[in-house]
Amino acid sequence: MELGRLEYLQALVTEFQVTDSTGSKRRCSLALSVSCISSHTRSFSLAEAKEQVLANLANFAYDPSNYEYLRQLQVLDLFLDMLTEDNETLVEFAMGGLCNLCLDKTNKEYILEANGVEPIINCLSSSNEETVVSAVTTLMFLTTPRSRAQTTALPVVECMLRFSLSANTRLSNLASIFLQDYCSPPQVEEARNLSKHTAVGIPLPKD
């Protein structure tokens, strides 16, 4: 990667540190470099500025040549942290960024080791279609012999059964692929018998 791009990434991610009393909790702080903010961007609210940062980082995560530098800047942790934000736009961009990153074996292993599957599963209950689609796709990419028990846990399979019945063709097709390619017939049958397609507490995302 050329130096200019690395410097730009460093300007987007200006602080990332571990801060709780046990030293185990991830915490991130974002700031925009003044040199990277145009005159119209300066009128953004703090929330809008953070959304712009996440959108930019998610776009950079699409390019495999950036993976090493994004890991170096702890962007994977940043994305994982943002999954628990109340701001749905931040969650959408963070989930999209993780989806872009997890095709890479090193990134995949990092996400799994960082206990990233649980917050990704929680994103299945989002009302934002893009967040849900990214979450389903990411669970597919993260499924390995070691992680399969978690990525295809019963609540997830129940959720996919519900999504497979959605009028949203994009979502229903993706869920059907998940059920066919990543779940065993006994898993699907067990989920079907328990849920009867209701998947209580997992609403369909808004169109």
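Figure 1. At 1% relative accessibility, G116 counts as buried, where buried means under 20% relative accessible area, exposed over 50% and partly exposed in between (1.4 Å probe, protein chains only). The model is predicted, with local features requiring pLDDT of at least 70 and side-chain atom pairs pLDDT 80 or more, while totals for chains, interfaces and linings use all residues. Residues are numbered from 1 along each chain as its sequence is written, and side-chain values use heavy atoms, with hydrogens and water left out. G116 sits in the loop that joins α6 to α7; helices (H or I, at least four residues) and strands (E, at least two) are DSSP runs numbered from the N terminus. Not counting residues up to four places away in sequence, G116 touches L80 and I111, contact meaning heavy atoms within 4.5 Å. G116 and L80 are 36 residues apart in sequence, and their C-alpha atoms are 6.6 Å apart in space.

**Figure 2. The whole chain.** The chain has twelve helices and two strands. Along the sequence they follow the pattern α-β-β-α-α-α-α-α-α-α-α-α-α-α. Of the 207 residues, 46% count as buried. Among contacts between residues at least 6 apart in sequence, 68% join residues at least 24 apart. The mean pLDDT of the chain is 82, and 77% of the residues reach 70 or more; pLDDT is the predictor's confidence in each residue, from 0 to 100. Over residues 15-43 the pLDDT is below 50, and this stretch has 44 contacts in the model beyond near neighbours in sequence. Where pLDDT is low, the predicted coordinates should not be read in detail.

**Figure 3. Helix α4 against helix α6.** The axes of α4 (residues 75-82) and α6 (residues 105-113) come within 11 Å and cross at roughly 45 degrees. Axes are lines fitted to C-alpha atoms, for helices over the stretch in contact, and angles run from 0 to 180 degrees between N-to-C directions. The two helices are therefore oblique to each other: angles under 35 degrees count as roughly parallel, over 145 as roughly antiparallel, 65 to 115 as roughly perpendicular and the rest as oblique. L76, D77 and L80 of α4 meet N107, Y110 and I111 of α6. By class, the contact of α4 with α6 has four nonpolar, one polar and one charged residues. Ala, Val, Leu, Ile, Met, Phe, Trp, Tyr, Cys and Pro count as nonpolar, Asp, Glu, Lys and Arg as charged, and the others, Gly among them, as polar.

**Figure 4. Helix α4 against helix α5.** α4 and α5 (residues 88-101) pack at an angle of about 140 degrees, with their axes 8 Å apart. This pair is therefore oblique as well. From α4 the contact is made by L76, F79, L80 and M82, and from α5 by L90, V91, F93, A94, G97, L98 and L101. The residues of the contact of α4 with α5 divide into ten nonpolar, one polar and no charged.

**Figure 5. Two loop residues with positive phi.** Q74 lies in the loop between α3 (67-72) and α4. Q74 is not a glycine, yet its phi is positive, at about 60 degrees. With a relative accessibility of 32%, Q74 counts as partly exposed. N115 lies in the loop between α6 and α7 (117-122). Phi of N115 is near 60 degrees, again a positive value in a residue other than glycine. N115 counts as exposed, at 59% relative accessibility.

**Figure 6. Buried residues of helix α10.** In α10 (residues 154-164), V156, V157, E158, C159, M160, L161 and F163 are buried. The buried residues of α10 pack against α7, α8, α9 (148-151), α11 and α12 (185-195).

Figure 7. T137 belongs to α8 (residues 129-142) and is buried, with a relative accessible area of 14%. Leaving aside neighbours within four places in sequence, T137 is in contact with C99 and L174. S172 belongs to α11 (residues 169-182) and counts as buried at 10% relative accessibility. With neighbours within four places in sequence left aside, S172 is in contact with F163, S164 and S166. S172 and V133 are 39 residues apart in sequence and 10.0 Å apart in space, C-alpha to C-alpha.
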